[in-house]
Amino acid sequence: MNDEETSRFVRLRVELVLEVQDEDAVTKAALRRLAADPELPPAERAQAEGAVTEDTAEALAYLVDPFDLVGEVPGVELQQASWSSERIDYDPDSPDWELDEDDRRDDEEEDGIG
């Protein structure tokens, strides 16, 4: 496939599982970020403050920004992003949380094994 047939767009999928050790610290950080946003209208700010105060997962959604992940990567421009957060039951010892075959193969390729 030559350059003319290859898309310049890449979908990067990232899944993170975070352990919240201090919900109060997460909530306060989200509230500080909201307070520092000069473009957020007062009605939206009040609604967002309520959401981050009631739900730590919502607070994390305000703090973890895909734009921050790629903003300093040379040669790329973020075209679109979506993200969400939710509370989950997590057991690192459960086989349900093991990497599937595609994930293992991708890890091996990144490590130069594949």
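Modeller: The expected span of a helix is 1.5 Å times one less than its number of residues, and helices here are DSSP runs (H or I, at least four residues), numbered from the N terminus. This is a predicted model, in which local features need pLDDT of at least 70 and side-chain atom pairs count only at pLDDT 80 or more, while totals for chains, interfaces and linings use all residues. Residues are numbered from 1 along each chain as its sequence is written, and side-chain values use heavy atoms, with hydrogens and water left out.

Biologist: What distance does α2 reach from its first C-alpha to its last?

Modeller: The helix α2 has 13 residues, for which 18 Å is expected at 1.5 Å a residue. Its reach from first to last C-alpha is close to that value, at 18 Å.

Biologist: Which residues of α2 are buried?

Modeller: Buried means under 20% relative accessible area, exposed over 50% and partly exposed in between, with a 1.4 Å probe and protein chains only. On the other side of α2, Ala-43, Gln-47, Thr-53 and Glu-54 are exposed. What covers the buried residues includes α1 and α3, and those buried residues are Arg-45, Ala-48 and Val-52.

Biologist: Why does Asp-55 count as partly exposed?

Modeller: Asp-55 is found in the loop between α2 (42–54) and α3 (56–63). Asp-55 counts as partly exposed because its relative accessibility is 26%.

Technical notes: Helix = DSSP H or I, 4+ residues; strand = E, 2+ residues; numbered from the N terminus. Contact = heavy atoms within 4.5 Å.
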